[in-house]
Amino acid sequence: MTCTWLVGSSRRIGIKTVRRYLPASSKMIHAATGRNLDTASALETQCGAMYSETLSAHTTYHQQSSAAVETRPRVWLITGCSSGFGRRLVTSALARGDRVIATARTVDDIKILSSPNLNVLQLDVTAGFEVIKARLDQAAKIWGQIDVLVNNAGVGYLGLLEEGRSSLLEKQFKVNVIGTLDVTNAALPHLRASKSATVVMLGSRSAYRTERAGLGFYSASKAAVHSLGETLSVELAPFSIKVLIVAPGSFKTEGIYGQKFFTSNSIPAYDELRNIAMKRFSAVPGTQKGDPDKAMEVVVDVVKGEGKAKGRPWPLYLALGDDADEGIRQKSTKLLRHVDEWGDVVRSVNFDT
Ligand SMILES: NC(=O)c1ccc[n+]([C@@H]2O[C@H](COP(=O)([O-])OP(=O)(O)OC[C@H]3O[C@@H](n4cnc5c(N)ncnc54)[C@H](OP(=O)(O)O)[C@@H]3O)[C@@H](O)[C@H]2O)c1
């Protein structure tokens, strides 16, 4: 007999119910529903379920709920507000009537007009979980809540993989990846207490454009950020915490292109390639097409379900810029071409049944 189940699976209890009864009958049709369709999709994969009709009915619900405009001022906590995207995002969120806790390694570097809705806090994202947790607990007391966490702080180290070695990779990951996870974990107890919590992760189109000599350390760190964001979106769905992975292309900010190319372990065999890469990266500052003010306005639109995001479903990803669009398309096409061209081989390695 085939049973049809309709389970509110974005709630923890619903997920447990689906999982518990899953193995009982492979012929069941499990209808996983919820505000977060990524959770529902994950369950679909696990269940091998056919639930497209239910899914489309609940897509409407999901779209409505993510489009609902929150009127209460939200409290944002943003890392890396001394320059670039971070500084602009503070201004954009304040202009929409929200409250912001702007953090930076050096608070004096936060040059934003004072406002009763703005508080500043010293935060180095590499300070380690315990220090960061103490800071964020302190931050949550300012307005009694944190609703939106933006993991914006980041650095971009340029260098060839053999020359930079794992030591440069560690340095890169310490800020962009470990820092992001530590700050997120420290914020989560407060986000769980919020009624409209969002975690924003600053990824990059470099996560997709990895075939570029000199960019390996940075692009690996941003690929890791994307991956963490994707998993977080599922792990945080039971608490109705949304995740947004922002993937900007090239934007004219102050610092990210400021790092010198790593040359202190030069291997002569790479001289030509290193010179080409150095020339290419040094030509970028000043030529970026992306306007960081516009980009951060869109981020605020999405988080608040306003402006350009009004009426649209919640996007896990927010690609920003023509070059981001191009990078995603190229990477996706390349991977699809691989499974098309090599599909018979790809699918030929299961155990014989
Ligand atoms: N601009 C682009 O084209 C682009 C494209 C894709 C992704 N992104 C990403 O967007 C984010 C912001 O970059 P941006 O372009 O705005 O660059 P930016 O102007 O250099 O800003 C980076 C910010 O991160 C802060 N930071 C660095 N290390 C930190 C640490 N250990 N603890 C706390 N803060 C730290 C910097 O503060 P200090 O002043 O203290 O160094 C600065 O405020 C980064 O994650 C970057 O990877 C940028």
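1. The ligand has 31 residues around it, and the closest are Gly80, Gly84, Gly154, Thr253 and Gly255. A residue is near a molecule here if its C-beta atom, placed from the backbone, lies within 6 Å of it. The largest share, three residues, is from α4. Helices are DSSP runs of H or I with at least four residues, strands are E runs of at least two, and both are numbered from the N terminus.

2. Before going further: this is a predicted model, where local features need pLDDT of at least 70, side-chain atom pairs count only at pLDDT 80 or more, and totals for chains, interfaces and linings use all residues. Numbering starts from 1 along each chain as its sequence is written.

3. Sorted by class, the ligand shell holds 17 polar, 10 nonpolar and four charged residues. Nonpolar means Ala, Val, Leu, Ile, Met, Phe, Trp, Tyr, Cys and Pro; charged means Asp, Glu, Lys and Arg; the others, Gly among them, are polar.

4. Now α6 and α7. Their axes come within 8 Å and cross at roughly 30°, which makes α6 roughly parallel to α7. Axes are lines fitted to C-alpha atoms, for helices over the stretch in contact, with angles running from 0 to 180 degrees between N-to-C directions. Angles under 35 degrees count as roughly parallel, over 145 as roughly antiparallel, 65 to 115 as roughly perpendicular and the rest as oblique.

5. Which residues of α6 meet α7? On the α6 side they include Leu161, Leu168, Phe173 and Val177, and their partners in α7 include Phe217, Tyr218, Val225 and Leu228. By class, this contact has 12 nonpolar, six polar and one charged residues. Contact means C-beta atoms, placed from the backbone, within 7 Å.

6. Two backbone spots are worth a look. Most residues other than glycine have a negative phi. Arg165, in helix α6, has a positive phi near 60°. Ser240, in the loop between α7 (216-235) and β8 (242-248), has a positive phi near 55°.

7. Buried takes 20 or more other C-beta atoms within 10 Å, exposed 12 or fewer, and partly exposed is in between, with C-beta atoms placed from the backbone.

8. For the whole chain, there are 11 helices and nine strands, and buried residues make up 41% of the 353 residues.

Note on methods
Contact = placed C-beta atoms within 7 Å.
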